Each structure stands twice: as structure tokens, then as C-alpha cells.
Amino acid sequence: MASKLTRSNLAGWSFALPGFALLAIFIILPFFFGFWFSLTNQRLISPNPTEFVGLSNYESMLGLSVITLEPERDDDGLIKRDDDGAIEYPRVRTVTRSAEYPQYQGMREWFRWQWGDDAIVVIAKDVVFMKALTNTMLFAICIVPLQGGGALLLALLINQKLKGINAFRTIYFMPVVISIIVISLLWRFIYKGGDEGLLNNMLHVLSLGLFQPVDWIGNTHTALGSIIFMSAWQGVGFHMVIWLAGLQTIPPTLYEVAAIEGTTRWQTFRYVTWPGLKNTAVLVLIVITMQSFALFSQIDVMTKGGPLDSTQTLVFQAVQRGYGKQDISGGSAISVVLFLIVLSISLLQRYLTRERK
Amino acid sequence: MALISPQNRGLRLGTRYVVLVLVALVFLFPLVFMVVSSFKPDSQLLADTSSFRAFLPVGDISLDNYFDAFRRAPIGQFMFNSVMVTVVTVSVSILICSLAAFSFVFLEWTGRGLLLTIILATLIIPFETIAVPLLLVVSRLPWLGLDGIEWGWLNTYRVQIIPWLVDALTVFLFVQYFKDLPRELIEAARVEGASWLQVYYRIVMPLSGPILATAAILKSLKMYNEQYLWPLMVVQDEAHRPVMVGLGYFFQLDVAWGQVMAYLTLISVPVLVFYLFLQRAFIASIASTGVKG
């Protein structure tokens, strides 16, 4: 419904153009450059001209195969075992470097499991990328319930009518306004191994001496988990506020009805509170998932992807290759994969929350 | 509820507060530790971690770590850089984004819907995925300086400011807010003969207090707290380095944890003070990002 009062191409364009132009140059343009670079052999500085290489960056990143290794046998045909009784297998190298199997050339073992007497070995062209991919997924899968659920519990806790409740809200939200860089450094000290680490010492005192010190971020089993916990600790206040905003949109009359009906606390939550929070839940879920795929600062400050690549992530790899190793094309290919994942998640979310008629 | 005796009620209330306090301690302990440790010499700092003295300002308390930290790194310069980049980006960004949102909501022009869709679509591009190609872009952009045209934006303030001026979230927040403003006011002003620019700063801006606060807070937090990856890539010289990257100074050779804690405290306290004074606005701004459009 165009009226003369509000229709103006000149004014409209000139107000919107500065913003759009900046966005086009600094977000949209590099975004498409990234796609293009991932199909070339572009480097940051290179004497040779850039060439189009098709999908080879993706092939060398995503290449994956499964091989079966049969146990080594001695002259009598019996399975060889080492001193601990474990079955001995030929080295993966004998397959990946053999001229007989050119398709496995350059691949390395990612992980293996045992199947009967055989060993099934998953080999990948780029094991570090695979670890980065799975770690990023794992991070997302763990932090969504931890941070989203934790935030909901905090919101319910803080939504009580008690004296001084605002002071508690202020405190729970505090880590949100502190830089993740500061938080990561601080926790690097807290997570220190041995009896110098603050967390180890606190757990030691609280468990009356039962707790044995752990090298939280120096150990492949605990490093990623420690970073997940710290990230949730920092971000949980943010989503507590979002949940709170959602809680306040639920009409109080519904609670009055529930009270008259004599529902239990759980029933009230299940049938009154939760249905009223559906939209908020979707939003919280999406925001945390999106953020978790961008995981970089914590890794860079705390572990640099280590120990043994147990905390590698997609963004960390993209930056390390594209910037650290000046391999722009390799870094861009990772970024494209990351973007496609984020895009599919957001499309999935659109689909799941579509208006049902 | 009527069956609960007063004693029982007191007990329940007590438990609630105990829970609230315990949770508060979980969020507070690292921060208290940081501030308290910044006043202790390294040997005591490490020894104190074995007891609850870690959270108490006891023993050999002094400002030595702060003096040493200032001697070790040009902290004043880093602070200036961060504050300067933050203030310029936030103010210019609010101007540009609100003007664009104003145009999208109140004016009718060809291409409006398409442009807005494109802008909002960039919401799902994480900055981290474009950082590397963007580096290539800014390293080849021209700039008209005092001595004519120079090429490349590396090691400048502008490379830390200009790429951050427009973001889809800020435009989106303004659009959402403007949609709820009464259109009759704007149309009435147009009838009276006000130009669009006058409508923008005489009518719309004075009504936009809450959204201006929200946008300023969110953008400031982003610019001051989260500028790490980008300056790491594009700023190699001390003269333009922001506080978060400046931290690297304290991790060369041996790590002096006392100085690290002093530096962390120094760069966090300004934000914390702002937060404590403006906490309502802070929390409202976060909550408003949750209002679904």
C-alpha cells in the first residue's frame, strides 16, 4: 500500500545504502571469495599464479576409507600375540604406502575397533580435520543441554519472589560481561594440573582428601570436557536471561488456575510453564548451537588444539591453515564445510518450527 | 499450603537462600580469585591455592603486580586502542544501522524487501568462516591518506573499525523496534512538511532510547571483549593492538601469574563497573535479543 507520504526511492536507497554497501564489502564479498578460494590453490603470498583445482581441496579433506586388517600369523597359522596377549596386526602403513592400493595413498589411521580376530581401521586423508569435525560436533551436542538446561534451572531459581533476588541475578549474569579471553586464561590457571591447580585443590579439600589431582586440560580424556564446562559456566547467565524473558510472558492467570486445580510442582512445570516456553526453547537451542560451531578463542588461549588434537575444532583448524600456514584455500574449504553445517542446522530449525496449519 | 507451620516455612525459605548462595559461589569464585590474586606475590599466590586463603586478601598484599605489569607491556596504549575502537565503532554503527532500519520500516522504495532479506540472511554467516578471505580483502583495499592513496589496511585502526560497522543483528533489532512505533506520528510529520532526515532525528530517535541502549551495550561488549581473532590476524604492531591481544605479552618465557591476574583485573573491571551501574539496561538488552521476530 504505497502512499505518496512514504514512497521515496531516493531517500530510501540513500538511507539504506551505506549500511548495505559496508555489509556487501565486508561480509558478503569475503563469503563468496571463501567459496571461490576453496576451489583453487590460493595462498596468502605465493610466487605462482592461483589455479582452479576443482574439488580437490575437499577431496583431500573429506577422504575416508575403512580397511580390515587380518591378524599376523606365524608359520603354523596361529595368531601372533604380544606379551600382553593382544593380537598383532600388520601396520596400517603397509597398506597406505603400498603400490597395490593407490586409493589409500597418503591416508592415516583415525581410529579402529576389533571385529572377531580382525581389526577394522578407519583411515582418513586428513585425520586432524576429522578430529576437528567430531570435536566440534561433540562440543555442540554436550553444551546445548548443559548450558541451555542449566540456564533454564537458573531462570526458574531466579524467578522466585524473594528478597534480594536481584542481587543473585546480577551475580549469575556476571561472567557474561567478562571477555571469553579473560575467562579462558583465568580457567587455565584454575585447571592447572598437580597440586598447583585451584580446582584440584578445592576438590581435594571438599572431598576431605579423597580427590586425586587431574591435569584437566593437559589430558586427552578431560581436555574437551573441561573446555565445555568452562564455556557453559561463562554463557549460562546469558541464556538464563532469555529464559526469564520467556517465563515472564506466561500469563499469571494460568498459574492461578493450576493452583486451584491443586497440581504438583512438576505438573505445573510440565503443563503450564514448558508449553509457554516453546519458542524460547527453540531460540536458546539455535543460539547455543550456532555459537558452539564458532568455538575458537577458548581453544586458542587454553590448548591450541592439543593435547594430541583432542581439542581441535573446525574454526581453529580453518584459522591455523588459512592464516597460520597461509594456506588460504585449505582454510576456506574448512570454512565452507562449517558454513554448510550451520546452514543445515538453521534450515532444520526452520522446518521443525514451521507454522503448522 | 495452609498446613505448613511457620517454622517449616522458615526452613524452606532458608533452604532456598542456601541454594541461591551456593550457586552464586560457583559463579563468583574465579572472579574473586582473580582480583585477590592480583595483589599477591607469585610464590604466595601458588601456595594459597591449597586453602581457602586463595579467596582472601591476606598475607603479603601489594600493588607490585600492577606496577610490574605496566612496566612489562604498554597497557595504557592497549587500553586506549580498545576504547577508541569500541567508541568509534559503536557510535558510527548505531547511526548507519538505525538509518538503514528506518528506511526499511518507514519508507517505501523499490528493492527494499530484497535488500532487507539479504541483510538478514547474513545473520547465519559466522564471522569466523569469513575471517580468512576478509583478511585477503582488507590487505588489498585502498585508502586515501594524507600522502595520497595507500594500499592495504593492515596495522591500522580502520581495519579494526570499518568491517564491524554494520551487522545484521543490530539492523534487525532496530527494525523490530521501529515496527512498534506509531506510524501516524511519522505520517503527520510528513504532512507538516518535515524532511525524512528531520523525521529520523526529531521524531524517531527521541523515541528510541531503549533500543539505542540495547544496541550500544551489545555492540560495546562485542567490540571490547570479543576482538581477539580479527586483530590477531590484521594488527601486528603495538601501536594499534587491543587489550585482548595484548595479553600475549604476559605469556612470553616464564608466566608471572600475579601480573597476569593484575592485567586480567585491569581490563575486566571497567566493564564490570559499567555492568553493575547499568545492570537493568544490560539484562534488558540481552532479553530483547530473545524476543522472536
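Chain A of this predicted model contains 14 helices and 3 strands. Its C-alpha trace spans about 85 × 70 × 45 Å along the principal axes. The radius of gyration of chain A is 27 Å, whereas a compact globule of 357 residues would have a value near 21 Å. Of the 357 residues in chain A, 50% are buried. Taking contacts in chain A between residues at least 6 apart in sequence, 61% join residues at least 24 apart.

The surface and charges of chain A were then examined. Chain A exposes about 18300 Å², and 60% of this area comes from carbon and sulfur atoms. The chain carries 28 positive and 25 negative charges.

Chain B has 15 helices and 2 strands. Its radius of gyration is 25 Å, while the globule rule gives 19 Å for 293 residues, so chain B is more spread out than a compact globule. The C-alpha trace of chain B spans about 75 × 70 × 30 Å along its principal axes. Buried residues account for 51% of the 293 residues of chain B. Among contacts in chain B with a separation of 6 or more, 68% are between residues 24 or more positions apart.

Chain B has an accessible surface of about 13500 Å². Carbon and sulfur atoms hold 68% of that surface. There are 19 positive and 18 negative side chains in chain B. The centres of these two sets lie 10 Å apart.

The two chains meet at an interface. The size of an interface is often given as the accessible area lost when the parts come together. Between chain B and chain A, the buried area is about 8600 Å². Carbon and sulfur atoms give 78% of this area. Three residues stand out on the chain B side: Leu20(B), Phe27(B) and Glu108(B) supply 9% of the area that chain B buries against chain A, more than any other three residues. The contact involves 93 residues from chain A and 94 residues from chain B.

Within chain A, helix H5 covers residues 165-173. This helix is mostly covered, with 7 of its 9 residues buried. The buried residues of H5(A) include Ile165(A), Phe168(A) and Arg169(A). A run at the end of the list is buried too: Thr170(A), Ile171(A), Tyr172(A) and Phe173(A).

Two residues of chain A were noted for their backbone angles. Lys304(A) is not a glycine, yet its phi is positive, at about 55°. Lys304(A) sits in the loop between helix H12 (297-302) and helix H13 (314-324) of chain A. A residue counts as exposed when its relative accessible area is over 50%. Lys304(A) has a relative accessible area of 52%, so Lys304(A) is exposed.

Gln326(A), a residue other than glycine, also has a positive phi, near 55°. Gln326(A) is located in the loop between H13 and helix H14 (328-352) of chain A.

Key:
Residues are numbered from 1 along each chain as its sequence is written. Chains are lettered from A and ligands numbered from 1 in the order in which they are written. This is a predicted model: local features need pLDDT of at least 70, side-chain atom pairs count only at pLDDT 80 or more; totals for chains, interfaces and linings use all residues. Side-chain values use heavy atoms; hydrogens and water are left out. Helices (H or I, at least four residues) and strands (E, at least two) are DSSP runs, numbered from the N terminus. The radius of gyration is taken over C-alpha atoms; the globule rule is 2.2 Å times the number of residues to the power 0.38. Buried means under 20% relative accessible area, exposed over 50%, partly exposed in between (1.4 Å probe, protein chains only). Contact means heavy atoms within 4.5 Å. Accessible areas come from the Shrake-Rupley method with a 1.4 Å probe; for residues, only the protein chains shown count as cover. Lys and Arg count as positive and Asp and Glu as negative; His and the chain ends are not counted. The place of a charge is taken as NZ of Lys, CZ of Arg, CG of Asp or CD of Glu. Buried area is the accessible area (1.4 Å probe) that two parts lose on being put together, summed over both.
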